[in-house]
Amino acid sequence: MSAAGSNILEVRNLETQFNTLDGVVRAVDGVSFDLARGETLGIVGESGCGKSVTALSILRLIPPETGRIAAGSIKFEGEELTSLGEAAMKRLRGHRISMIFQEPMTSLNPVLTVGTQIAENVVRHMGVPWRAARERACEMLDLVRIADARRRLDEYPHQLSGGMRQRVMIAMALSCDPQVLIADEPTTALDVTIQAQILQLMLELKEKTGTAIVLITHDLGVVAETTERVVVMYAGRKVEEAPVEALFAEPLHPYTRGLMRAIPRLDVEADAAGTRPRLQEIPGLVPRLTQPIPGCAFAPRCGFATERCRVEPPPLVDVGAGHTVACWEVDRVRASAL
Amino acid sequence: MSEPSAAERPVLEVEGLVKHFPIHGGLLQRRTGEVRAVDGVSFSIARGETLGLVGESGCGKSTIGKTVLKLIEPTSGRIVLAGENISALKPGAMWAHRRRIQTIFQDPYSSMNPRLPAGTIVGEPLENFGLSRGRDTDERVAKLFERVGLRPDAMRKYAHEFSGGQRQRLGIAKALSVNPDVIVADEPVSALDVSVQAQVLNLLIDLQEEFRLAYLFISHDLAVMRHISHRIAVMYLGRIVEITTKRRLFSQPLHPYTEALLSAATAPDPKRRRQRKRIVEGDVPSPANPPPGCHFHTRCPYATAECKVTAPPLIEVAEGHHVACLRRPVGGDPGPLSIPG
Ligand SMILES: Nc1ncnc2c1ncn2[C@@H]1O[C@H](COP(=O)(O)OP(=O)(O)OP(=O)(O)O)[C@@H](O)[C@H]1O
Ligand SMILES: Nc1ncnc2c1ncn2[C@@H]1O[C@H](COP(=O)(O)OP(=O)(O)O)[C@@H](O)[C@H]1O
Ligand code: SF4
Ligand code: SF4
Ligand SMILES: [Mg+2]
Ligand SMILES: [Mg+2]
């Protein structure tokens, strides 16, 4: 990933904070990652670990009344976004960087037809005439395999099923040929058979258009089946990053290992008696983000923790082949059974 | 572990359960149709057994749960709880049986009074059913807190002071307090993070084995389902399309919809994406206007002309394995179906 210009997006030491009644929430606490052109990067972690805030920071959509990017750098095609003016940012959003959210209903305008919404986005960013934009909208609906696209152009969001609305969101997000698509829990609200359709669609479209994707999810199964590289977050920090095969074959952070043991598995043969083996619990709760965390954020729940873990934050260490881990005890972890 | 015994009469028996909701429309709000939320469903659950109910959004899972809890009245059908037919009981007469069947929700917070301390909330059913009073209640509640893994001093806290997983423990303590026979758990871990989900699933299994509880466990998550259930019923548009032991369901699914669900489910294994089978196309039709014949024929790759007109009954095609598919006859070849044409 070192070749100059191969990364379309570079995030460095990002810190995003919110002022709340309970104090300053350090939602993102020094996160760095790169996104290569045409790559699918997964960001995974439990609720509240800072995934959505990371996405909103890249898009500069953090509500200014309560939140701010407190430190760090976000470079898109070499251009610094954290200091970019709002007008320039507006030109980027929905055009060169676009996004899909969990609940399409909240991001679609209920009083405009889906055709109008997609066409407006195309007119705004590509400066083409309305008729051509409508044509583009129709093509896009076709592309996301909405049957009878021309008729659907004139329908309102509430007339569509959840799966169809998410397809419309994808159509809109891809309508201006973005270089980066940020998808925040795009299938979490959908049924499994519809989720499978949407994930497959996203991957096919990526092949066709070469758009790089940041796929944010709490679901390890979705990450395993759709991404090439994965960032694992815990309490606002990146704790591990690896190519997807390496992460699932040899997770090295105790938290990542804990997550993988805590999920019931469909793909592992149940034993013959059909008994129900205990799931491995991760004891305790995620820490509050209103207090600065001195050492490793996972220390209170970690079976490998030592005194040092509680006072000194572990640095991210490259263990080879693009696999990095933030853990003082990584050698002991690696030597222990998975 | 205590396997459910076959000889004993099931603690919950449901036969031919139907629940239709009227649809009102037009200026005068006349009845213009009905949603067939539950359309003739039968099953039973033994003591100590978990029956999983799985299916996509809107297929009628929660409606079944609410009907057996008698929170809503069935349109028709029989519900027999511990040998007693409760289907036609009026609220007053139902009271005596209500203790026996309790519920755990997806979001226990919404059902908790934010102004009452947690100890009072959990003790409420005990007092309501006249099972204990005052100091006695406090002692029993303290024991329940301990049993579900909450510290007794948490009894003085309010619902908003608990995390999602802790609230779910409160909900479990409350359901458990009156010593029920059956617990209807509707998506009890869906809102929880995986690390906390594991804690709650383990607790539910321990409690079941300790008290021989019967669970009707509703979930859309097949992996959770496979973990907790003994038997599983797969639903599609108000009907059970397949019901069998979890072993059989996962090793030899016979209904095309079950096959579709299993191949759509994701697994935390990057190698699996290359093995994925077909993905079923299309959307779930509306239960207000279900397709004729087999409800699944609009999405089924194996559908024949017959499937569009004849509704397949749920039949026992092999021992302990019921399937509703025209192409899965009694004693038929359990191998893959061929795609017609
Ligand atoms: N009170 C009601 N009035 C009218 N229709 C209802 C009512 N309750 C449920 N329905 C309809 O009945 C059908 C079954 O709903 P139900 O809530 O049982 O589904 P479910 O399987 O629990 O779905 P989910 O997975 O989304 O919770 C749906 O079409 C729903 O819209
Ligand atoms: N607008 C906001 N105001 C205050 N706190 C916020 C806001 N948005 C997010 N947070 C907090 O930031 C942390 C990370 O949130 P988020 O990125 O949404 O998590 P997730 O990983 O589930 O997407 C959480 O503690 C959350 O409560
Ligand atoms: S640094 Fe220490 S506490 Fe943190 S994960 Fe590693 S061993 Fe555990
Ligand atoms: S009856 Fe026909 S349409 Fe229905 S599941 Fe069987 S093969 Fe498919
Ligand atoms: Mg989020
Ligand atoms: Mg429901």
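In the shell around ligand 1, β2 (30-45) and α1 (61-68) of chain B each supply at least two residues; helices (H or I, at least four residues) and strands (E, at least two) are DSSP runs, numbered from the N terminus. The model is a predicted one, in which local features need pLDDT of at least 70 and side-chain atom pairs count only at pLDDT 80 or more, while totals for chains, interfaces and linings use all residues. Residues are numbered from 1 along each chain as its sequence is written, chains are lettered from A and ligands numbered from 1 in the order in which they are written, and side-chain values use heavy atoms, with hydrogens and water left out.

The largest share of the ligand 1 shell, three residues, comes from α1(B). The residues around the ligand are B:F21, B:V35, B:A37, B:S57, B:G58, B:C59, B:G60, B:K61, B:S62, B:T63 and B:P287, a residue being near a molecule if one of its heavy atoms lies within 4 Å of it. By class they comprise five nonpolar, five polar and one charged; Ala, Val, Leu, Ile, Met, Phe, Trp, Tyr, Cys and Pro count as nonpolar, Asp, Glu, Lys and Arg as charged, and the others, Gly among them, as polar.

An N or O atom in the side chain of B:S57 is 2.6 Å from an oxygen atom of ligand 1, and a polar side-chain atom of B:K61 lies 2.7 Å from an oxygen atom of the ligand. For B:G58 a backbone N or O atom is involved, at 2.8 Å. On its own, ligand 1 has 640 Å² of accessible area, of which the protein covers 62%; accessible areas come from the Shrake-Rupley method with a 1.4 Å probe, and for residues only the protein chains shown count as cover.

Ligand 2 has 13 residues around it, of which A:G48, A:G50, A:K51, A:S52 and A:V53 come nearest. A polar side-chain atom of A:S52 lies 2.7 Å from an oxygen atom of ligand 2. Backbone atoms of A:V53 and A:G50 also face ligand oxygen atoms, at 2.8 Å for A:V53 and 3.0 Å for A:G50. The protein buries 65% of the 560 Å² that ligand 2 exposes when taken alone. In chain A, β1 (7-20), β2 (23-36) and α1 (51-58) each supply at least two residues of this shell, and α1(A) gives the most, with three. The shell divides into six nonpolar, five polar and two charged residues.

The contact between the chains (heavy atoms within 4.5 Å) takes 48 residues from chain B and 50 residues from chain A. About 4,200 Å² is buried between them, 55% of it on carbon and sulfur atoms; buried area is the accessible area (1.4 Å probe) that two parts lose on being put together, summed over both. In chain B, the residues losing the most area to chain A are B:R226, B:P268 and B:R273, together 16% of what that side buries.

One salt bridge is counted between chain B and chain A, a salt bridge being a side-chain nitrogen of Lys or Arg within 4 Å of a carboxyl oxygen of Asp or Glu. The side chains of A:R278 and B:D206 form a salt bridge, at 2.8 Å from N to O. On the side of chain B that touches chain A, α6 (194-211), α7 (222-228), α8 (246-251) and α9 (256-264) of chain B each supply at least two residues. The largest share of that side, eleven residues, comes from α6(B).

Methods. A polar contact is a pair of N or O atoms within 3.5 Å; within protein, one must be able to donate a hydrogen and the other to accept it, and residues adjacent in sequence count only if both atoms are side-chain atoms.
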